[in-house]
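Reader: Before going through the model, I would like to see the sequence and the coordinates.

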Amino acid sequence: MQVRCMMCGKKEGITEEHVDYRKFQDNPKRVYICKMCMARTLNEAKDGQKAHKPM
Ligand SMILES: [Zn+2]
């Protein structure tokens, strides 16, 4: 199945092994975020939490 990352626009093929494969089958318009962008988002979230911590 072809899905497009909503953050970088990269097209990726996902297989049944993908965690959300069935969700995409049920709803092809579901938002997909590739691993790269997911990792970046998580890192930014972590950095954000750090920044908000008072020293
Ligand atoms: Zn991406």
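Reader: In what order do the elements of the protein run from the N terminus on?

Author: This is a predicted model. It holds two helices and two strands. Read from the N terminus, the order of these elements is β-β-α-α.

Reader: What is the mean pLDDT of the protein, and where is confidence lowest?

Author: The mean pLDDT is 88, and 91% of the residues reach 70 or more. Strand E2, residues 11-13, has the highest confidence, at 93. Where pLDDT is low, predicted coordinates should not be read in detail. The lowest mean, 86, belongs to H2.

Reader: What radius of gyration does the protein have, against that of a compact globule of 55 residues?

Author: The C-alpha trace spans about 45 × 20 × 20 Å along its principal axes. A compact globule of 55 residues would have a radius of gyration near 10 Å. The protein has 15 Å.

Reader: What percentage of the residues of the protein count as buried?

Author: To count as buried, a residue needs 20 or more other C-beta atoms within 10 Å of its own. Of the 55 residues, the share that counts as buried is 4%.

Reader: What share of the contacts with a separation of 6 or more comes from residues 24 or more positions apart?

Author: The contacts considered are those in the protein with a separation of 6 or more. Within that set, residues 24 or more positions apart account for 47%.

Reader: Is alanine 45 buried or exposed?

Author: Alanine 45 lies in helix H2, residues 35-52. The cut-off for exposed is 12 or fewer C-beta neighbours. Because alanine 45 has 10 of them inside 10 Å, it counts as exposed.

Reader: How many Å separate the C-alpha atoms of alanine 45 and threonine 15?

Author: In sequence, alanine 45 and threonine 15 are 30 residues apart. In space, C-alpha to C-alpha, the separation is 28 Å.

Reader: Which residues is methionine 1 in contact with, leaving aside its neighbours within four places in sequence?

Author: Methionine 1 sits in the segment before strand E1, which covers 2-4. It is partly exposed, with 13 other C-beta atoms within 10 Å. Its C-alpha atom is separated by 6.5 Å from that of threonine 15, 14 residues away along the chain. Leaving aside neighbours within four places, the contacts of methionine 1 are Gly13, Ile14 and Phe24.

Reader: Where is cysteine 8, and which residues is it in contact with beyond its neighbours within four places in sequence?

Author: Cysteine 8 is in the loop between E1 and E2. With 11 other C-beta atoms within 10 Å, cysteine 8 is exposed. From cysteine 8 to threonine 41 is 33 residues in sequence and 12 Å in space, C-alpha to C-alpha. Neighbours within four places aside, cysteine 8 is in contact with Cys34 and Cys37.

Technical notes: Residues numbered from 1 in each chain as written. Predicted model: local features only at pLDDT ≥ 70, side-chain atom pairs only at ≥ 80, totals over all residues. Rg over C-alpha atoms; globule rule 2.2 N^0.38 Å. Contact = placed C-beta atoms within 7 Å. pLDDT = per-residue confidence, 0-100.
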